[in-house]
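Please consult the sequence and the three-dimensional model shown here. The report below is intended to be read alongside them.

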Amino acid sequence: MNHEYKLISVYADINGDILILSCGTDTKWGGPIEIEVAQRVNFPISVEELGEKIQLAFDHCYSKEYDGSSKVTAIEKILGIKGYSKAVKNKKLVLVDWDIDEGYTVTPTEKIPRRGYVHLIELAKKLPLDCSKNRLAEAVIEAFHLSKIVR
């Protein structure tokens, strides 16, 4: 199935390890949602390895459907941690989307207590469709430097 829009969630923990989740279709609500397909990159991270894992994550988008009525999120299942807030504790998030007409957008976030991850749209970076895997990985690393966890 060919899609015109894809989204991946890139989480980094305080040790610098990265977990990338692909998106699939939410069978209850429609639209993209994180699925149980993950790529991992352990610290220290090379731009080349991160670029490869980002590409793999995009390749796996929509490879599974997700039942939106499930109370357990994909990241909880992957990490084996009960409770979304525990699963994402001390993790920064960068969203990367791909649009067949627009190219890539890399969006940093700010994690705010009782609000969750807020997209820092004004700091998002647009990259062309033909950007290299390494350039995309560099943009994700830059976005992690802009992302925050507010306590």
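## Basis of the description

This is a predicted model, in which local features need pLDDT of at least 70 and side-chain atom pairs count only at pLDDT 80 or more, whereas totals for chains, interfaces and linings use all residues. Residues are numbered from 1 along each chain as its sequence is written, and side-chain values use heavy atoms, with hydrogens and water left out.

Helices (H or I, at least four residues) and strands (E, at least two) are DSSP runs, numbered from the N terminus. Residues are called buried under 20% relative accessible area, exposed over 50% and partly exposed in between, with a 1.4 Å probe and protein chains only.

## The largest pocket

The largest pocket holds about 330 Å³ of space. A pocket is found on a 1 Å grid over the protein atoms alone, as an open set of points where a 1.4 Å probe fits, with protein on both sides within 12 Å along at least five of seven lines; lining residues have an atom within 4 Å of a point. Grid points are joined across faces, edges and corners, and the volume is the space filled by probe spheres set on the points.

The lining of this pocket comprises 21 residues, and those nearest its centre are S9, Y11, I33, E34 and Y84. Two or more lining residues come from each of strand 1 (5-12), strand 2 (18-26), strand 3 (32-41), strand 5 (92-99) and strand 7 (116-119). Strand 1 gives the most, with 4 residues. By class, the lining of the largest pocket has 13 nonpolar, 7 polar and 1 charged residues. In this division, Ala, Val, Leu, Ile, Met, Phe, Trp, Tyr, Cys and Pro count as nonpolar, Asp, Glu, Lys and Arg as charged, and the others, Gly among them, as polar.

## Strand pairing around strand 5

Two strands are said to pair if DSSP finds at least two bridges between them. Strand 5 pairs with strand 1 in the antiparallel sense over 8 bridges, and with strand 6 (residues 103-112) in the antiparallel sense over 6 bridges. L95 of strand 5 stands opposite S9, and its bridge partner in strand 6 is T107. Strands 5 and 6 form a hairpin with 3 residues between them. Because 6 of its 8 residues are buried, strand 5 is largely enclosed by the rest of the structure.

Strand 6 also pairs with strand 7, in the antiparallel sense over 4 bridges. Within this pairing, K111 has Y117 of strand 7 as its bridge partner.

## Aromatic and charge contacts

A pair of aromatic rings is described by the distance of the centres and the angle of the planes. Rings of Phe, Tyr and Trp (its six-membered ring) pair if their centres lie within 6.5 Å; planes under 30 degrees apart count as stacked, over 60 as edge-to-face and the rest as tilted. The structure holds 2 aromatic pairs. One of them is formed by Y11 and Y117, edge-to-face at 6.2 Å centre to centre and with 65° between the planes. Since Y11 lies in strand 1 and Y117 in strand 7, the pair ties together parts that are 106 residues apart in sequence. Both Y11 and Y117 are buried.

The rings of F58 and Y104 have centres 5.7 Å apart and planes at 65°, so this pair is edge-to-face. It links distant parts of the chain, with F58 in helix 1 (residues 47-59) and Y104 in strand 6, 46 residues apart. F58 is buried at a relative accessible area of 4%, and Y104 is buried at 9%.

K6 lies over the face of W98, at 5.6 Å from the ring centre. Such a contact requires NZ of Lys or CZ of Arg within 6 Å of the ring centre and within 35 degrees of the ring normal.

## Backbone features in the loops

Most residues other than glycine have a negative phi, and most peptide bonds are trans. The peptide bond from F43 to P44 is cis, with omega near 0°, and P44 lies in the loop between strand 3 and helix 1.

N90, although not a glycine, has a positive phi of about 60°. N90 is located in the loop between helix 3 (84-87) and strand 5 and is partly exposed, with a relative accessible area of 23%. R114 takes a positive phi near 65° in the hairpin of strand 6 and strand 7, which has 3 residues between the strands. R114 is exposed, at 84% relative accessibility.
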